[in-house]
Structure formats: C-alpha cells, structure tokens
Amino acid sequence: TDNPPGDRTTGDEPTIERAQAATSLGHECRLQGMLAMPLVATSLAELGMWYTDAMVVGRLGNVELAAVSLSGLLVWEIILAGVAVISMVGVIVGKAFGQGDRVASRRALQQGLWVAVTLTPPAMLVTWFLVDALAYTNQDPEVLVLGEEYLHAMVWAIPPMLCYAALQHFLTGLSRPFVITGTVWLALPINLALNYVLVFGA
C-alpha cells in the first residue's frame, strides 16, 4: 500500500504506528474506556491538589483560605480559557495519528506550544491586575491584600501550565493518557510536601 501523508518511510521499513480501528461496538467502547478512564483518574488527581491546597491553607485561618480560594478560582478560569484553545492540539494529533502521519502530529504539538507562548503574556497581565477588579465587588480588604500576593505569585505558574496543556492533549491524541495520569498522581504527594514546607515554613 502507499505510505500515508507525512510518513517518510520506504516500503521496506516497519509500518508506522496507527490508532486502533474499532471492529465492533463493543471494541469501540473498550477503546474509548482505555482512553477515558485514565483521563478521569487525572482529573481526580488534579482535584486532589486543589483540596490539598485548601486543607493546608485552611489551617492558617479563614482570611487566608478565602484569599487563596477566591484568587485561585479566578486565575484558574483564565487558565482554562487558554487551555480551551490549546485543546485543539488533541483533535489534530488524533486525526494525524489515525492516518499514521507523524509529521503532522509533531507540527500540531509545535503549533500548540507556540499558541501557549502567545497566550501567556495577556493571561499573566490580566492575572496581575485581577485584584483591582475585585476591589469593586466589596470583598474584605484583608482578603484582597492576601489575594493580590497570591495572584502575583501565581502568574509564574501560567506559562508552564499552558505548555503542559499542549503536551497533555498531544499525548491524549496519541492514545497515551497513562503518561499524563502517572505524572499527575506522582505530583499529588509532591504538592502536599511542598505545601507543608512553603505554607508552614518548614
């Protein structure tokens, strides 16, 4: 057979890896389950990080918990807006993977990383001045002061999080979600340990 677009191999070389094609409805459900369950486990681990952060900061006091919770949710909404754009990487890579087109898969990841880099400055700028907007919502002044400190630290998490999103959707498109799941679950205890060190000054 002819080589698929983007496959620069010759007929004598091994066949390029492709996505599995379902042969029946049951097979399709199994393939979807193998992709979906690790992603569900990843989402649970990410939620675990948020709950861990809340429990640790909550021991400092009500004001601290309110500041981190309010600011954290707002900055997360900004990050999610960028992730929604970058998520197209998974769609493009999935199509290329199904066609056996390695070049298109790599190009999609590169473009996704460039999009992440492009979205980073405006996202950081909005986050930096977000507390100024919150001042018009009659929040507790102590919450705003602590929230501003938290947001000014969180801006530096935006670049790696957007780049991580591109890599995450790239691996999902390649039907390798277990790599993401293992990484996030490994990060969960590390996050708890760093929380203890950084929040309580250990």
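Helices are DSSP runs of H or I spanning at least four residues, numbered from the N terminus. In these terms, N191 is found in helix α8. The model considered here is predicted. The chain contains eight helices and zero strands, and along the sequence the elements follow the pattern α-α-α-α-α-α-α-α.

The average pLDDT of the chain is 85, and 89% of the residues score at least 70. Over residues 6-16 the pLDDT is below 50, and this stretch has 13 contacts in the model beyond near neighbours in sequence. Where pLDDT is low, the predicted coordinates should not be read in detail.

Of the 202 residues of the chain, 35% count as buried. Among contacts between residues at least 6 apart in sequence, 78% join residues at least 24 apart.

The largest nonpolar core comprises 32 residues, and those with the most contacts inside this core are V75, I79, I86, V93, I158, L162 and F170. Two or more core residues come from each of α1 (25-58), α2 (62-86), α3 (88-99), α4 (102-128), α5 (130-134), α6 (141-154), α7 (158-173) and α8 (177-199). Helix α7 gives the largest share of this core, six residues. When residues up to four places away in sequence are not counted, V75 touches T127, L130, L151, M154 and I158.

The largest pocket holds about 1,400 Å³ of space. Its lining consists of 41 residues, of which M49, W50, D53, M154 and N191 are the closest to the pocket centre. At least two lining residues are supplied by each of α1, α2, α6, α7 and α8. The largest share of the pocket lining, 12 residues, comes from α2. By residue type, the lining of the largest pocket divides into 29 nonpolar, eight polar and four charged residues.

Two of the residues closest to the pocket centre, M49 and D53, are also contacts of N191. Not counting residues up to four places away in sequence, N191 touches M49, T52 and D53. N191 counts as buried because its relative accessible area is 18%, and the cut-off for buried is under 20%. Helix α1 contains A54. A54 has a relative accessibility of 31% and therefore counts as partly exposed, a class that lies between the cut-offs of 20% for buried and 50% for exposed. A54 and E64 are 10 residues apart along the chain, and their C-alpha atoms are separated by 9.7 Å.

The largest cavity has a volume of about 30 Å³. The residues that line the largest cavity are A67, L70, S71, V131, L134, V143, L144 and G147. Helices α2, α5 and α6 are the elements that give two or more residues to this lining. The lining of the largest cavity divides into six nonpolar residues, two polar residues and no charged residues.

Note on methods:
Residues are numbered from 1 along each chain as its sequence is written. This is a predicted model: local features need pLDDT of at least 70, side-chain atom pairs count only at pLDDT 80 or more; totals for chains, interfaces and linings use all residues. Side-chain values use heavy atoms; hydrogens and water are left out. A nonpolar core is a set of buried Ala, Val, Leu, Ile, Met, Phe, Trp, Tyr and Cys residues joined through side-chain atoms within 4.5 Å. Buried means under 20% relative accessible area, exposed over 50%, partly exposed in between (1.4 Å probe, protein chains only). Contact means heavy atoms within 4.5 Å. On a 1 Å grid over the protein atoms alone, a cavity is a set of points where a 1.4 Å probe fits but cannot get out, and a pocket is an open set with protein on both sides within 12 Å along at least five of seven lines; lining residues have an atom within 4 Å of a point. Grid points are joined across faces, edges and corners, and a volume is the space filled by probe spheres set on the points. Ala, Val, Leu, Ile, Met, Phe, Trp, Tyr, Cys and Pro count as nonpolar, Asp, Glu, Lys and Arg as charged, and the others, Gly among them, as polar. pLDDT is the predictor's confidence in each residue, from 0 to 100.
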